[in-house]
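Thanks, everyone, for making time this morning.

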Amino acid sequence: MKLPKTPIYQYKQKTCDRNIKEFNTFLKNKIDVYYAIKANNYEPLVKSMIEANYGFDVASIEEIEYVLSLGADPSKISFSAPTKLVRDIKQAAKYGIKQFAFDSIIEIDKIMKNVKDPILIARITANNSDAAFNLSVKFGITPEHYPEILEKVYKDKIPLKGVTFHVGSQNTSVTSWRSALRGAQDFINLAQEYGINISLLNIGGGIPVQYNGYVRHSKYYINKILQYIERFRERNRNIEKIIIEPGRALSANTTDLLVKVVNIKEYKNPPLLITDLSVFNGLIEPLEGFEYDIEALDDHKPRQKLKYYKVAGLSCDGCDIIKKKCLLPKSIKVGDYLRIKQAGAYTFVYKNFHMREFPKIVNIK
Ligand SMILES: Cc1ncc(COP(=O)(O)O)c(C=O)c1O
């Protein structure tokens with residue numbers, strides 16, 4: 001077998017198709033799937049989402065223009081990032097985007113000033129403590145601020161239609177969705193007291209990936225979430241539309257990352273194995289302590305003796321550590337390949353996250 005030049009991401013369309021089949025369970029239960037394109041914007045994957053009739057959760061005008069150029073339907077795009085640039089809001093409105101999330105009064109004003117007949121969606125806080133990546137530190141109206149927001153909506157006749165939350169990315173505790181739905185219920189009940197009817201529920205992303213043996217299969221999460229939603233629907237007959245916005249769960253397992261061993265320092269404890277990829281050039285989540293499953297390409301050889309290595313990136317930075325303790329063959333040597341498994345989510349997108357350009361540099365003399 002001829003091995004490719006490394007580092008390289010290897011995308012598997014069949015896995016993408018399998019994921020879509022699984023997530024179609026939501027469509028069958030009248031829940032729209034809006035793929036969170038921030039996780040992975042590889043064109044074949046995005047096109048598959050469009051073919052599957054999925055909508056999109058977007059966070060920038062660049063993401064909007066990209067999905068529209070591939071044929072996405074503007075009525076199935078939710079600008080769910082709670083803070084948006086005014087230029088992005090204006091341009092999105094020109095493209096016919098209607099769904100906008102907010103978690104502050106400033107954001108409501110920005111949307112109301114720049115969009116005709118928007119569909120406003122309040123992002124409320126949710127418990128993110130069982131997620132690998134906590135989003136509640138930055139996002140979500142807390143219950144003590146519900147009255148302030150609803151007061152504003154009531155007084156200014158703001159077209160508030162929906163409520164949304166995010167339980168945090170890679171959330172392994174399924175009951176997080178149950179408690180988040182309780183939070184949504186509290187918000188809906190209070191809104192009713194102001195005479196405001198909430199008819200849209202967006203339950204965000206967060207479904208975890210089986211990066212290792214400690215996480216259950218996504219089917220388990222899908223079925224449980226469906227049960228919670230069923231009960232929620234029974235209690236809330238006014239809810240006309242329900243949306244889920246998976247990113248990681250639809251993309252991570254589609255892609256592995258192949259790297260090569262370029263140095264081994266046996267004198268370190270544990271021995272340090274250096275690869276031809278750095279976390280700054282395509283694998284940023286280990287910087288937040290996140291660990292991928294890594295295997296040597298010839299791991300399948302029976303009865304190989306294994307030992308622990310610290311796997312590091314190529315850069316000159318001490319924090320460039322891919323995995324602190326990684327069991328690999330004792331016989332591993334420079335030139336051998338490693339497969340970083342399920343590296344399709346939140347990896348190469350950081351080259352220009354949300355498809356945004358880096359600031360230019362100018363010489364101010
Ligand atoms: C608003 C929103 N929806 C959906 C997602 C996707 O989350 P995940 O990749 O955990 O499914 C994110 C991720 O940050 C998000 O901010």
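Let me begin with a definition: helices (H or I, at least four residues) and strands (E, at least two) are DSSP runs, numbered from the N terminus. On that basis the chain has nine helices and 17 strands. Its radius of gyration, taken over C-alpha atoms, is 22 Å, close to the 21 Å that the globule rule (2.2 Å times the number of residues to the power 0.38) gives for 365 residues, so the chain is as compact as a globular protein of that length.

Before going further, please keep in mind that this is a predicted model, in which local features need pLDDT of at least 70 and side-chain atom pairs count only at pLDDT 80 or more, while totals for chains, interfaces and linings use all residues. Residues are numbered from 1 along each chain as its sequence is written, and side-chain values use heavy atoms, with hydrogens and water left out.

Along its principal axes, the C-alpha trace spans about 70 × 60 × 40 Å. If we take contacts, defined as heavy atoms within 4.5 Å, between residues at least 6 apart in sequence, 70% of them join residues at least 24 apart.

Now to the single residue that a record picks out.

Let me finish with the backbone. Most residues other than glycine have a negative phi, and most peptide bonds are trans. Against that background, the bond from Thr6 to Pro7 is cis, with omega near -10°, and Pro7 is found in the segment before strand 1 (8-11). A cis peptide bond also joins Asn269 and Pro270, with omega about -5°, and Pro270 lies in the loop between strand 12 (255-265) and strand 13 (272-275).

Asn53, although not a glycine, has a positive phi of about 75°; this residue lies in the loop between helix 2 (43-51) and strand 3 (55-58).
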